[in-house]
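Open the model in your viewer and keep the selection tool at hand. The stops below are taken one at a time.

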Amino acid sequence: MGNTAEALTLYGLLHKMYPGNLYFSLQNMSLQYAAGLYGESLNSGKSLLRSDTLPVVLNCVGNSFNKLKEKDSALVYYGKLYEMVPYDHKVLEKISSILLDKELYDSVTVLCSNYLQMDSLNIPINGIYGVALHYKGDYKQSREIFETYLDAGGDSLTAFYYLGMNYLKEKNYYVAATNFSKAMKIDSTDVDLIYYTAYSTAETWRRNEALDLYALAEQLLQPDSMMVYKISYGKAEAHLK
């Protein structure tokens with residue numbers, strides 16, 4: 001942080017002395033962002049964009065808005081950037097993240113589908129595509145995507161979790177429980193994951209195993225009235241199996 005602060009002081013001074021020097025202006029903007037001065041990096045970037053539309057500046061402005069939790073504004077600048085670099089999957093990842101938060105799953109699937117026509121083996125975009133398909137309710141296609149994603153070396157935890165969720169939605173509880181159990185071997189501290197493992201296990205009439213999982217979830221539970229209710233209800237149902 002000390003080096004960043006020193007560099008920011010230097011380039012801030014150089015930027016004021018030579019305001020027309022693009023290199024100094026870009027360094028000043030980038031260092032403001034690196035120092036967590038998102039409002040300042042945002043203003044510096046917008047000032048630069050008045051004279052030239054540079055991808056690096058659009059990215060910084062979008063990132064600054066994102067850090068400031070101004071997602072709609074971030075989306076505008078990421079969108080402009082993506083029009084300039086439609087082959088950059090990292091930009092699409094940022095756009096998709098915001099759209100998923102807004103539950104605009106159709107938009108995400110269209111964007112990802114179009115991108116995958118250029119680069120069908122892109123692992124991060126396939127993962128995002130699979131997630132969006134799941135939330136759209138297209139469980140079969142989401143399963144197929146995550147099976148391919150897993151074979152291609154995608155994140156195993158994500159793959160097993162969403163494979164489990166897709167099978168759960170299709171009421172194939174045995175296969176759902178199997179995938180959730182595989183996910184739990186990677187992360188046994190995620191309460192949501194433990195809950196879904198317990199629920200699907202209970203639906204396969206393995207009551208004692210399900211109750212042990214619910215007990216584990218309770219041990220890890222943070223104050224969360226909805227999850228407390230879900231676990232309590234799940235335990236009650238498991239006792240009836």
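In which helix is the place of Asn-166? Select it: Asn-166 sits in helix α10. Helices here are DSSP runs of H or I with at least four residues, and strands are runs of E with at least two, numbered from the N terminus.

Before going on, note that this is a predicted model, in which local features need pLDDT of at least 70 and side-chain atom pairs count only at pLDDT 80 or more, while totals for chains, interfaces and linings use all residues. Residues are numbered from 1 along each chain as its sequence is written, and side-chain values use heavy atoms, with hydrogens and water left out.

**Around Asn-166**

Asn-166 is buried, with a relative accessible area of 0%. Buried means under 20% relative accessible area, exposed means over 50%, and partly exposed lies in between (1.4 Å probe, protein chains only). Now show what surrounds Asn-166: leaving aside neighbours within four places in sequence, Asn-166 is in contact with His-134, Tyr-139, Ser-142, Arg-143 and Phe-146. Contact means heavy atoms within 4.5 Å.

**The loops on either side of α10**

Go to Gly-154, in the loop between α9 (139–151) and α10. Gly-154 counts as buried, at 7% relative accessibility. Apart from neighbours within four places in sequence, Gly-154 touches Ile-123 and Tyr-149.

Next select Lys-171, in the loop between α10 and α11. Lys-171 is exposed, with a relative accessible area of 60%. Its phi is positive, about 65°, although Lys-171 is not a glycine. Most residues other than glycine have a negative phi.

**Helix α11**

Select residues 173–186, which form helix α11. This helix has 14 residues and reaches 20 Å from its first C-alpha to its last, close to the 20 Å expected at 1.5 Å a residue; the expected span is 1.5 Å times one less than the number of residues.

Colour the buried residues of α11: Tyr-173, Ala-176, Ala-177, Asn-179, Phe-180, Ala-183 and Met-184. They cover an arc of only 165° around the axis, which puts them on the same side of α11. The arc is that of the directions from the helix axis to the C-beta atoms. An α-helix has 3.6 residues a turn, so residues three or four places apart point the same way.

What carries the face turned away from that buried side? Exposed Tyr-174 and Lys-185 are found there. The cover over the buried residues of α11 includes α10 (156–169), α12 (191–202) and α13 (207–220).

**α12 and α13**

Show α12 and α13 together: their axes come within 8 Å and cross at roughly 165°. That makes α12 roughly antiparallel to α13. Axes are lines fitted to C-alpha atoms, for helices over the stretch in contact, and angles run from 0 to 180 degrees between N-to-C directions. Angles under 35 degrees count as roughly parallel, over 145 as roughly antiparallel, 65 to 115 as roughly perpendicular and the rest as oblique. Residues making the contact include Ile-194 and Tyr-195 of α12 and Leu-213 and Tyr-214 of α13.

In the loop between these two helices, select Trp-205. Trp-205 is exposed, with a relative accessible area of 57%, and its phi is near 65°, a positive value in a residue other than glycine.

**Last stop: α6 and α7**

Select residues 89–101 for α6 and 105–118 for α7; the two helices pack at an angle of about 165°, with their axes 9 Å apart. Among the residues that meet are Leu-92 and Ile-95 in α6, and Val-108 and Leu-111 in α7.
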